[in-house]
Amino acid sequence: MLSLLIVVPFLSVIIFNLPFFNRGRGFIFWWSLLLFGAQAVLSFFLTIPSYATSFQLPGSMFKFGLMLDGLSILMLLCIGIVASLTLVVAASVHKDQRRKFNFINLLLFAVSGMNAVVLVADIFSLYVFIEITAVASYVLISFEKDLRAMSATFKYIVLSIVASVFMLLSIAILLLITGSTHFMAIHQALPRSEHTFLAMLAVGLFISGLSVKAGLVPFHAWLPDVYSHSSAAVSLFLAGIVSKILGVYALIRVVSFVFMPDASVDMVILSIGLLSIFIAALAALAQSDLKRMLAYSSISQVGYIMLGLGCATPLGMAAAAFHFFNHTIFKSLLFVNAAALELETGTTDMHRMGGLSKTMPVTGFTSVLASLSAAGVPPLAGFWSKLLIVIALWQTGHFAIAFAAILASVLTLSYLLAMQRMVFFGKLRQDLAHTHEAGFGLVLASIVLAFIVVAAGLFFPFILDVFILPVRFFVGG
Amino acid sequence: MNKLLFLPILIPLAAALGTFFVPHRLRKVRECITLSATAANFLLTLFLFKNDCVYILPWLGPSFEFSLRLYRFSAFIMLAVNGFGFLISLYSVFFMSAKAHLRQFYSYFLITIAFACGAVLSDNLFLMLFFWEGLLLVLFGMIAIGSNHAFKAATKAFIITGIADLCMMIGIALCGYLAGTLTMSKINLPLQGMSVVAFILLMIGAISKAGSMPFHSWIPDAAIASDVPFMALVPAVLEKLLGIYFLTRISLDLFQLNPASWLSVLLMIIGSGTILLAVMMALIQKNYKRLLSYHAISQVGYMILGIGTALPIGIVGGLFHMINNAIYKSALFLTAGSVEKQTGTADLEVLGGLMKKMPVTFVCFAVTAVSISGVPPFNGFFSKELIYEAALSRGLIFYLAAIIGSFFTAASFLKLGHAVFFGGVSEKNKSAQEASWGMLVPMIVLSLFCILFGLFNSVPLAKLIAPVLGQERLHGHSFTVFPLNLKLTIATVIVLVLAFLNHIFGVKMSGSGLHAADHIRRAPLLRGVYDRAERRFFDPYDVGRIFLKRMCAIAFWVDRKIDWLYEGVVAKFIVWLAGVIKRRHTENYSVYLGWALAGLSLVVVFLFYSIKGR
């Protein structure tokens, strides 16, 4: 059952590309939409914990198995939502049938990889599927084939390879000192290991490697270039889900379920989180390019997730997962809006926009909602998750960090409001008088996301009970 | 029977709704509704008068029930409220005929009566507060519709009364907390500790409702800006009745005010201060209605002084004065309305010689003016005598304040009557004639009551007022025969004669009735005080406004400084920092790679260092 989530998208790619299947290619959009939508809906009904039969190749020491817990379900939901919306946006951005087909193929490929990332139960498989997804995203980024996109891809590849080296090294060390790559086995063996220095080296390497993938300061530098130079749908997909799953989810998984509980590791996570929040927020303040600003904002918000994770308490975990979900939603919404703006005005430079809420009211309104949620204004969803993070920090005695997190919200609000003012408010610029709402797909996507932002805020207790609190429970197997 | 207690509130409310929805063309219908509603209410209270009953409905919660209680005191006040309500509605029908905002006027008028009935009947402090605050809203409306520039006066009334009501609200909360209940008939607190605070807060609510200083300053402004029937009903009657009713309730029932308490002295000081200061201001007014409004304030002083003595004779005097004042003050405002309606002005400089033109109005004015001045055997004389006696037994100074107040009262009414009804008729008033019958009837009825309550003073005293205190609190005083004190009576008569001589002297000095008080206005010492009072130095509202403006200026200055700190220091620093960070992102991946490696080394070194210490 669980393996279907990985196999079906992968098989779809193969089947649609079979030479005799030419006529069916037109259906790939609807089929993918059905697939991603089904995944989002299915995540409500999956039972936890559940395991797929694991198998071991004869003579191999790797045991491949799948498992599903509360965290994975939340991730499956996020993947489903963002992938469907990316699909819709891509369909309205790419008119050329062939390009559209290629794009959707890559999308299916990446979703297959991400589903595997959130379901696997050993670190080596985790690494492998991270790489598979990353390869799909390299191609996606360079999809535009212009020079800037190419150079951004190159930067991403270089830093990703460095991250891969870190992670592989770490996996080798872990295998050496614990004799296994399975999450549970490592979790049990690592604290008892005599090689404390080696263990710490492995932990440090793994965290650093994943921080590169997640784009955390100081490992973040590839991210703004990639987000701002890739096409609209791609930046939505990358910012909304890919880097979150590859980096942030993997970090949450290894830090809280694989590595031993350790105060210094928590301290490292907290420091990286706080650094990301402030540096990225300040950098976002100085940007004039809309997508670049959103990229920095992503880094800053991921910093909040790290703060929740760094608490190492069940509440902190739940808060981190909830902020993960909220961030996925509101950042996707902002990127959808950015896509609409790019499509209509032909630029992402905020200085060349102004008063656009006159001609693009839906985009303007949903963007305000997303900004407020990002800044943590009640009763929108972002408020609750930030509140939980601050409470978790307070409970663990990190008063100064809690205070700093609240203070950073002001920075968040300031750069997002500055964006609103420059782009949407005020008098409509003369040269933008011809603009209008960009296509049905984009409007639909932004309305759906805005609805989730508001609903998740208003029905916060329901979301908390069904999706967030199950995250706390440790599931091995 | 007890279910009927709802009706005095419900009838006017329903009628108010009705008048509000009657179209403009059917003016007569609206007037009929108003008249019949007030008449029905009056008859109903007459019918209910002798009853003693309670009606309780569940409302907001356990201690917030909708409880109404009719007993001798509330029945007496109800009778007065509805009696005046009926007479003044009759007057309004004729007086208001040519005015604008009639729809709102009649609605507010009826709502005012309904809420006043509600406030008097309610036996729950919270319920009473509900009606009390409701009155504040209609008060604002009634003043605001008076004229084009009445909005300022209305706001002033709203703010002053609102502040006092806020005090009362806190007082009620405190009182409920201390007593454990909000039911008025169950509360009985000794005056000590926190309950002193509660008493003072409730007292502020009560005396500000009655219009005592320092919560008075909206009344003279409203007198100019608003319609006469409003002045004759609300500040002259309803507010006095409610305020003094509540003051009596808190001093007699809710708390036990005794003569030994310093609160009694405080009340007496407020009372005598109000008498003197307000009457001094009344003396120099040059507008009919404004002059009367200062007397409306000054007379409250007598009532508060009487009740503040905490002696049975003083309380009886205070309550008797309350009803007497309601009668003559209301009638005086009505005469002002008649004169204004005929001549188009209330300015004393313009008025004059109306005695021949408006003889009935003049007679009514004369009767009520001598009543307010305390000339025997009119009603004002008897209530003042009771207060004098009580005040004298508490201290000579309070008696002196009261008697000097009487002197100025008499002087200012001599001046007013002289200016309006005597002297030559000016060009503008040539066409003036007697007011219509509907306006005369209320005045005549009220003037008759002035005489009746004077001649047969034992009827209201023994039947209406003495039962309020009850036998044991009267300490054997009986009011079936008036307890006349010969020495005090002689003193009063001497003072009145002096006031008359003073008036003649003043007229001789200045040559006109209007300026008969100018020698007092220009007296040394008083002159400076008057000058400042006319520039509103003593109006708490204006002083408060100036104070607030200064506070605002200071707050703004502080705000600018904080803003500078933020804009100039914090924001600039952040922008600088943001710029530095931005410039470091050179899109050069070797640099980026360096950062990642540096980060890795930092993480690993930190982790090594941390386990080394273990």
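Predicted model: local features only at pLDDT ≥ 70, side-chain atom pairs only at ≥ 80, totals over all residues.
Let's begin with chain A. Its 477 residues include 64% that are buried, and its secondary structure consists of 18 helices and two strands.

Chain B can be described in the same terms. It has 614 residues, 57% of which count as buried, and it contains 23 helices and two strands. Its contacts at a separation of 6 or more also include 80% from residues 24 or more positions apart. The accessible surface of chain B comes to about 25100 Å², with 71% belonging to carbon and sulfur atoms.

Now bring the two chains together. On the chain B side, 25 residues are in contact with 36 residues of chain A. Together the chains bury about 2700 Å², and 80% of that lies on carbon and sulfur atoms. Within chain B, the residues that lose the most area to chain A are B:Glu587, B:Tyr589 and B:Leu607, which together account for 19% of what that side buries.

Which helices of chain B give two or more residues to this side? They are helix H22, spanning 540–584, and helix H23, spanning 589–612. H23 of chain B provides the largest share, with 16 residues. Sorted by class, the side of chain B that touches chain A has 17 nonpolar, four polar and four charged residues.

What about polar links between the chains? Four residue pairs are in polar contact across the interface, while the rule finds zero salt bridges there.

Side chains of opposite charge can pair when their charged atoms come close. Over all chains, the count comes to 11 salt bridges. One of them joins the side chains of A:Lys155 and A:Asp225, with N and O 2.9 Å apart. This pair links distant parts of the chain, since A:Lys155 sits in helix H6 (residues 147–178) and A:Asp225 in helix H9 (residues 222–229), 70 residues apart. Are these two partners buried or exposed? A:Lys155 has a relative accessible area of 3%, under the 20% cut-off, so it is buried. A:Asp225 has a relative accessibility of 0% and therefore counts as buried too. The pair also belongs to a network of salt bridges that links A:Lys155, A:Asp225 and A:Arg292.

In chain A, A:Arg429 pairs with A:Asp431, and their closest N and O atoms are 3.3 Å apart. A:Arg429 has a relative accessible area of 30%, which makes it partly exposed, and A:Asp431, at 45%, also counts as partly exposed. In chain B, B:Arg560 forms a salt bridge with B:Asp559, where the closest N and O atoms are 2.9 Å apart. Here B:Arg560 is partly exposed at 39% relative accessible area, and B:Asp559 is partly exposed at 35%.

To finish, pick out A:Leu413 in the structure above. This leucine is found in helix H16 of chain A, which covers residues 399–423. Leaving aside residues up to four places away in sequence, A:Leu413 touches A:Leu372, A:Ala375 and A:Val377.

Technical notes
Residues numbered from 1 in each chain as written. Chains lettered and ligands numbered in written order. Heavy atoms only, no water. Helix = DSSP H or I, 4+ residues; strand = E, 2+ residues; numbered from the N terminus. Buried < 20%, exposed > 50% of the residue type's maximum accessible area, 1.4 Å probe, protein only. Contact = heavy atoms within 4.5 Å. Buried area = accessible area lost by both parts, 1.4 Å probe. Salt bridge = Lys/Arg side-chain N within 4 Å of Asp/Glu carboxyl O. Polar contact = N/O pair within 3.5 Å; in protein donor to acceptor, adjacent residues only side chain to side chain. Nonpolar A, V, L, I, M, F, W, Y, C, P; charged D, E, K, R; others polar. Areas by Shrake-Rupley, 256 points an atom, 1.4 Å probe, with all protein chains shown as cover.
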